[in-house]
Amino acid sequence: MRRLFPAVLLVSAGAIGYELLLMRALSIVQWHHFAYMIISLALLGYGASGTFIALFKSQLETRFEAAFSTNALLLSISMVLCFALGQRVPFNALEIVWDSRQFIYLSLIYLVFFVPFFFAACCIGLAFTCRRMDIGRIYFFDLLGAGLGAMLVIVSLFVLVPQNALLMLMTLPLIASLLMGIPSTARKSLMLAQVVWLALLIGGIPQNQLGLRISDYKGLSQALQVIDSRVLNVASSPLGLITVVDSPTVPVRHAPGLSFATRHIPPPQLAVFTDADGMSAITRFDGNFESLAYLGDITAALPYALLDEPEVLVLGAGGGGDVLLALYHGAKSVDAVELNPQMIELVRQTYAEFAGFVYDDPHVTVHTREARGFVAQSNAQYDLVHIGLLDSFGASGAGVQSLNESYIYTVEAISDYLRITAPGGVLAITRWLKLPPRDSLKLVATVIDALKLTGISDPGKQLALIRSWNTSTLLVKNGAFTTEDVDSMREFARSRSFDTAWFPGIQASDVNRFNRLDIPYLHEGTTALLGEQAADYIEQYKFYIEPATDNRPYYFHFFKWATLPEVFALRKMGGAGLIEWGYLVLIATLLQAIIAGLVLILLPLSRVSRNWPARTGLRMGTYFLLLGFGFLFIEMAFIQKFILFLSHPLYSVAVVLSGFLIFAGLGSAWSQRFAQLCKPSGRSPVAMAAGSIALLALLYLLLLPFVFQRFIGNVDLVKIVISISLIAPLAFAMGMPFPLGLKRVAEAAPDFIPWAWGINGYASVISAVLATLLAIEFGFTFVIILALFIYAVAAAIFSLLPAWQ
C-alpha cells in the first residue's frame, strides 16, 4: 500500500493534467468548445476500463502489480503518441455542415484521445477491484491526485508551451509505473520497457512531431499564407497563446468598420493573434495624430461625435487600437482594462517604440484586470464606456463561438456598465455585422432588458445604432438623446456613408441609404424589439436572439432547431454560414458519447457472468448511473458559472475541478466514519449526504451572485481561495455517496464493482456533454436543480438495497 497510494496519486495527476492540457491545446488548434468533448472522452476511458476489468478480472487480480505498472507505462507513452496523432486527423469543423466525412474524423479524434484515459482508468479501477478493502483511501488519493494535477498544469503553462508541459506530465505515470513495477512478477520486462521509454525522453522526442498544428481556417494560419509574412514573437500562458505577425510586403490593415469613403490609410501595423485567432493590431504611432486620421472614419468613432474631451473606459484594450482611438479624439483620460498581462507587455515593452509608448501616455492608465471585475469594483464615472471587437470576424461569422460562455454581453453586465456611465455619458459597443442579423439584434434585445431592469420605460429614447459594411456600433446613453445628439449622429453617418438603423425619431428615409440591403434588417428588428410585440418577434425570428443572462451567458448561441431544416437545405448554396456548427458539433459529440459508451462499456459488460439477483442488480446499476449524472451535472454547471468569477475558462476548469476532486476525496475518506455515525439513528448516510448537497447547492444559487459581485475585483489568488472555500463543503458531501455504495457492493456482490465503475463512467460520459446542452437551453439553475432531484432519487434507491453487514 505504501507504493499503491502514491502511484494512484501520480496516475490521477497525470490524467487530469493531460485532460486540461488537451483542452488548452484544442482551444488553440481548433476552438474552445472542444473542451466538452475532452471531458466526455476522459470519462469514457474511465467507464470502458470498468468493462475491461470485469472481462479479465481473474487474470488481472493475480498479476495486480504488473497490470498496474503496465497500464501506467502505456498511459505515459500514449499521452505523447495520441497528442501527436490526434492533430493529424484531417478534421475541419467548418466543413461539418456539408461534408459527412467530418463526422467520421470527429469520431476518430474522439477515439484517439480516449486511449490515454483508458489506461489511466485501468490503473484506478484495478486498485478498486484488487484492493477493495481500502476503497475509501484509494478513492481519496485518486481525487487528491486529480486535484493536484489540475493545479500543476495551470502553473506549468505559465512557463512552458503546451508540448513541453506534455513532456512534464507524462513523467508522472512513468514514475507510478516504476513504483508498482518493483514488486511485480514481470519486474525485468517492465524495467526494460521503462528504461527504453526513459531513454527516448532523455534523448529528446522531436519537437516538430509534438508541435501544435493549427487549423488552416483560423486567422493565424491565413495570415501566414500572405507573401513574406513572418512570426515575430510567441508568448504562452493559460490565458492564451499570443502570436505577433509582421507582413512587410502585403501590409496588415486592421481597421474594422472603416468607411469606404475614407481618404486615410492606416499606418503600418503588427497583427496579434490570441489562440491563433481573435486578431487585434499594434499600430505604428510616431506621436503625430494626423497619421491616425483613419480612426475618425470607423463606426466605433460615433460616440466621440457627441462627447467633448471625455473620460473614457476601454474594456478589452488588447493591442491598444481603442486607446489610440480615444487619444485621437481628445480624450481627457483613458482607463484601459486588459486581462492578459502578456498582451500589455507586448505593447508597453516589446514593441513600445513601434506603438509610440501609447500605454505610457500620461493620459492613459492600464489595468491588468478582467472587465466585469474591474467594473464591479469601480466607483468612477465615465463619459464613455467603450467595448470594441473582442473576437475575429471569421470566428464570429462561422458560428465557432456558439458554445462560449461570454459574460461581457449579458443583461447583468450591461447594467453594471451603465452604473459607471456618467449622466449624459454613453456606453458604446461595436460588433461584427452578420447577415441576416443575429449578433447585433441579440445585443439590442439584451440592452433593452437591462434598461427596463433599471426602471427605464422607453428604452428607445436612449439607443442609437449605425452600421458599416462589416460592423455595427450601438450607443446606450445615460439619459435621452437630444435633438443635437441626433443631428450629430446623422451627420457623422452621412459624411462617412454609414447607415443609421436606429435613433429616436428615425424615419424610413434615414435607413438603408449607402450599404444597401434587400431588407433593412437592423432597423426593422430594433423597431420590433422596442415594440409591444417584442416577445412574439423574438419567438418567430429565424435565429435565437433572446437576451443573454449570467444564468445563460451564451451570447453567441443563435441556433434554433426550427430553422435547421431550412438552413441545412441551403448548406451547399452559400448558406453554410447560417448554421451555428459549434452547437452541431456538441450534438455530434453527445451522440458519439452515447454510442461509444454502449459499445465500449455496456455491451461488453453484458457478457460478464452475474451472480446477484436481477432486481438487486438493477437497483445497484441505477444507483451508480444516477450518481454519474448528478455529480457531473453539478460539477459542469459550477465550472461554467465560475468562469465569470475566475475570468477564464481554463482557470475555472482547473480551480473548480481541483476543488471538487480534492474535497470529494476527503468526503470519500470520511464516508465510512460518517456511515458509522448515522447507524445509531438508523438514518441512511446517502440520504443525509444528499440532503446536505441539496441544502448547500440551493444556498449557493441564492448567494453566489452576491459573492461574485462583492469579490470579483480581487486578485486571482484571493478569488481562487474564495472559490475553493465555496466549493469545499459541497464537494465534501458529494464525495460520499459513491464510496458508500461501492462499499456496500464490495461486501455483498464484489463482482459488481467493475459494473458499478463502468455504469457510473457511462453516465459521466453522457452527462459531461448533456449538462452543457441543458445549460444552453435552460440555464445553469435548471441543471443544478435537476441534479438535486437525481441525488434524491439515488438516495431513495440506496435505502432499498439490503444492508449487508
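Biologist: Hi! What should I know about the model and its numbering before we start?

Modeller: It's a predicted model, where local features need pLDDT of at least 70, side-chain atom pairs count only at pLDDT 80 or more, and totals for chains, interfaces and linings use all residues. Residues are numbered from 1 along each chain as its sequence is written, and side-chain values use heavy atoms, with hydrogens and water left out.

Biologist: Thanks. How many cavities of 30 Å³ or more does the structure hold?

Modeller: There are 6 of them. A cavity here is a set of points, on a 1 Å grid over the protein atoms alone, where a 1.4 Å probe fits but cannot get out. A volume is the space filled by probe spheres set on the points, which are joined across faces, edges and corners.

Biologist: How much space lies in the second largest cavity, and which residues lie nearest its centre?

Modeller: About 570 Å³. Its lining has 29 residues, and Leu43, Leu143, Phe631, Leu632 and Leu661 lie nearest the centre. Lining residues have an atom within 4 Å of a point.

Biologist: Which element gives the most to that lining?

Modeller: Helix H24 does, with 7 residues. Helices are DSSP runs (H or I, at least four residues), as are strands (E, at least two), numbered from the N terminus.

Biologist: And how do the lining residues divide into nonpolar, polar and charged?

Modeller: The lining of the second largest cavity has 21 nonpolar, 5 polar and 3 charged residues. Ala, Val, Leu, Ile, Met, Phe, Trp, Tyr, Cys and Pro count as nonpolar, Asp, Glu, Lys and Arg as charged, and the others, Gly among them, as polar.

Biologist: New topic: is serine 78 buried or exposed?

Modeller: Serine 78 counts as buried, because its relative accessibility is 5%. Buried means under 20% relative accessible area, exposed over 50%, and partly exposed in between (1.4 Å probe, protein chains only). Serine 78 lies in helix H4, residues 64-86.

Biologist: What does the side chain of serine 78 reach?

Modeller: It reaches the backbone oxygen of leucine 75 at 3.2 Å. A polar atom of the serine 78 side chain also lies 2.8 Å from the backbone oxygen of leucine 74.

Biologist: Which residues is serine 78 in contact with, leaving aside neighbours within four places in sequence?

Modeller: Tyr18, Phe83, Val115, Pro116 and Phe119. Contact means heavy atoms within 4.5 Å.

Biologist: What about isoleucine 265, buried or exposed?

Modeller: Isoleucine 265 counts as exposed, at 61% relative accessibility. Its place is in the loop between strand S2 (240-246) and strand S3 (269-274). With neighbours within four places set aside, isoleucine 265 is in contact with Arg253 and Ser291.

Biologist: Let's move to strand S10. Why is S10 described as largely enclosed?

Modeller: Because 5 of the 5 residues of S10 (463-467) are buried, the rest of the structure largely encloses the strand. Leu463, Leu465 and Arg467 point one way, while Ala464 and Ile466 point the other way.

Biologist: Which strands run antiparallel to S10?

Modeller: S11 (471-477) pairs with S10 in the antiparallel sense over 5 bridges, and S12 (499-502) is joined to S10 by 3 bridges, also antiparallel. Strands pair if DSSP finds at least two bridges between them. S10 and S11 form a hairpin with 3 residues between them.

Biologist: Last one: what covers the buried residues of helix H8?

Modeller: The cover includes H1, H4, H6, H7 (162-169) and H9 (187-203). Among the buried residues of H8 are Leu172, Pro173 and Met180.

Notes:
1 Å grid on protein atoms, 1.4 Å probe; cavity = no way out; pocket = protein on both sides within 12 Å on 5 of 7 lines; lining within 4 Å. Polar contact = N/O pair within 3.5 Å; in protein donor to acceptor, adjacent residues only side chain to side chain.
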